[in-house]
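Work through the exercises below with the sequence and the structure in view. Each task is followed by a solution in steps.

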Amino acid sequence: LVARHDMLRVVITEEGKQRILPYQPGTGLPERHDQRSLSRREQQQRLSMLRDELAHYKADLSQWPQHRVHWCDTGNGIGYLMISLDIWCIDGQSIQTLINELACLYGDPDCALPALGMTFRDYVLACMEFEAMSQS
């Protein structure tokens, strides 16, 4: 998904401009937590602590990644995927798209995702063109 969606690779420069970083395979993968040897109570405590940590995470917008992804394996085929994503760079529709695509890939890592209609850059350029036309 990071390769597919350029705004998941955006940083803010010192000049306050957005810059999309090139995708580097293998980056942004989930941090794994093996909790299989813990008691159910200990697992719940650690999950709660991680959830709280992620809920209060403040990303440095000049650095990448700005999201954090964790996979907690609690055993018996049960695990928890936790994601912290600062939504400064994503709108509501894009969040829904990401969730849908993540669900598709989770169910089938080879699922064919539909082509994206446009990038954020395409959207900004179209808005600028529309604004220029309306002023003329």
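A cavity is a set of grid points where a 1.4 Å probe fits but cannot get out, and its volume is the space filled by probe spheres set on the points. The model used here is predicted.

**Exercise 1.** Find how many cavities of 30 Å³ or more the structure holds, and describe the lining of the largest cavity.

Solution. 
- Step 1: The structure holds one cavity of 30 Å³ or more.
- Step 2: The volume of the largest cavity is about 50 Å³.
- Step 3: Its lining is made by Met7, Leu8, Arg9, Val10, Trp64, Gln66, His67, Leu85, Asp86 and Cys89.
- Step 4: Sorted by kind, the lining residues are six nonpolar, two polar and two charged.

**Exercise 2.** Determine whether strand E4 is mostly covered or open, and which strands it pairs with.

Solution. 
- Step 1: E4 spans residues 67-75. With buried taken as under 20% relative accessible area, seven of its nine residues are buried, so the strand is mostly covered.
- Step 2: Strand E3 (residues 31-34) runs parallel to E4, and four bridges join them.
- Step 3: Strand E5 (residues 78-85) runs antiparallel to E4, with eight bridges between them. Here Arg68 stands opposite Ser84.

Terms used. Residues are numbered from 1 along each chain as its sequence is written. This is a predicted model: local features need pLDDT of at least 70, side-chain atom pairs count only at pLDDT 80 or more; totals for chains, interfaces and linings use all residues. Side-chain values use heavy atoms; hydrogens and water are left out. On a 1 Å grid over the protein atoms alone, a cavity is a set of points where a 1.4 Å probe fits but cannot get out, and a pocket is an open set with protein on both sides within 12 Å along at least five of seven lines; lining residues have an atom within 4 Å of a point. Ala, Val, Leu, Ile, Met, Phe, Trp, Tyr, Cys and Pro count as nonpolar, Asp, Glu, Lys and Arg as charged, and the others, Gly among them, as polar. Buried means under 20% relative accessible area, exposed over 50%, partly exposed in between (1.4 Å probe, protein chains only). Helices (H or I, at least four residues) and strands (E, at least two) are DSSP runs, numbered from the N terminus. Two strands pair if DSSP finds at least two bridges between them.
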